[in-house]
Each structure stands twice: as structure tokens, then as C-alpha cells.
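Subject: Structure for you to look at, with notes on its aromatic rings and strands

Dear colleague,

Please find below the structure that I would like to hand over to you. My notes on the rings and strands follow it.

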Amino acid sequence: MKFKKLNKTLLLICIMAIGISAQIKRVDFAAGDSVTHCRVIPLSENSLLALYTKPIISNEKAFSLYLKKSSDNGVTWGEGIFVDDI
């Protein structure tokens, strides 16, 4: 169980490191959806992946990590997918 948690943590660190160096693009869904942090990673010429966090109401220092994908360069975004609480 600890090994699985460690793998998720390492994956999260790698993805966030890529996101920091990626070109940041305005993400309209993040403005009104209680999003606290958001990083956009280009996957291909028109495809983007957004990683974002929302606070967990019961614990002000904890967040839930979500993913959204766009295949039209950020014009529209798919449904948010819950990844894990961090």
C-alpha cells in the first residue's frame, strides 16, 4: 500500500515539474470553480491537459487533485476527473 502511495506522489511531482515549465494558458473554468492551483501541460499541437486542485471543505490544508483535457487548444474542456486527495 505504501509503495502505491509513493508511486502516486512521484507521478504528481513529475507532472507538476513538467507543468511549471510548460506554457501557462488562461483556463476559464478555473476562475469560478473554487480552483486554487492550475497548471496546463501541452500534450500535442491542439491537445492540453489541465491539473488543478480544489480545497477539501472539511480540512482547509488539504486539496483534491483533478484532471481535465482539451483537444481544441483550450477552447472547451472535458469533465474533471478526480485523481486523489493530497
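A residue is called buried here if its relative accessible area is under 20%, exposed if it is over 50%, and partly exposed in between, with a 1.4 Å probe and protein chains only. This is a predicted model, in which local features need pLDDT of at least 70 and side-chain atom pairs count only at pLDDT 80 or more, while totals for chains, interfaces and linings use all residues. Residues are numbered from 1 along each chain as its sequence is written, and side-chain values use heavy atoms, with hydrogens and water left out.

By the burial cut-offs, Y52 is buried, at a relative accessible area of 3%. Its strand, β2, is mostly covered, since eight of its nine residues are buried; helices (H or I, at least four residues) and strands (E, at least two) are DSSP runs, numbered from the N terminus.

Two strands are said to pair if DSSP finds at least two bridges between them. On one side of the chain order, strand β1 (residues 37-42) pairs with β2 in the antiparallel sense over six bridges, with I41 opposite L49 in β2, and these two strands form a hairpin with five residues between them. β2 and β3 also run antiparallel, joined by nine bridges, and form a hairpin with two residues between them; I56 has N59 in β3 as its bridge partner, and Y52 stands opposite Y66 in β3. Finally, β3 and β4 pair in the antiparallel sense over four bridges, where L65 stands opposite D84 in β4.

As for the rings, those of Phe, Tyr and Trp (its six-membered ring) pair if their centres lie within 6.5 Å, and planes under 30 degrees apart count as stacked, over 60 as edge-to-face and the rest as tilted. The structure holds two aromatic pairs. In the stacked pair, Y52 and Y66 lie 5.5 Å centre to centre with 15 degrees between the planes, and this pair links strand β2 (residues 48-56) with strand β3 (residues 59-70) across 14 residues. Y66 and F82 have ring centres 5.7 Å apart and planes at 70 degrees, so this pair is edge-to-face; it links β3 with strand β4 (residues 81-85), the two residues being 16 apart. F82 is partly exposed, at 44% relative accessibility. Together, Y52, Y66 and F82 form one aromatic cluster.

The charged end of K54 sits over the ring of Y66, 5.4 Å from its centre, the criterion being NZ of Lys or CZ of Arg within 6 Å of the ring centre and within 35 degrees of the ring normal.

With best wishes
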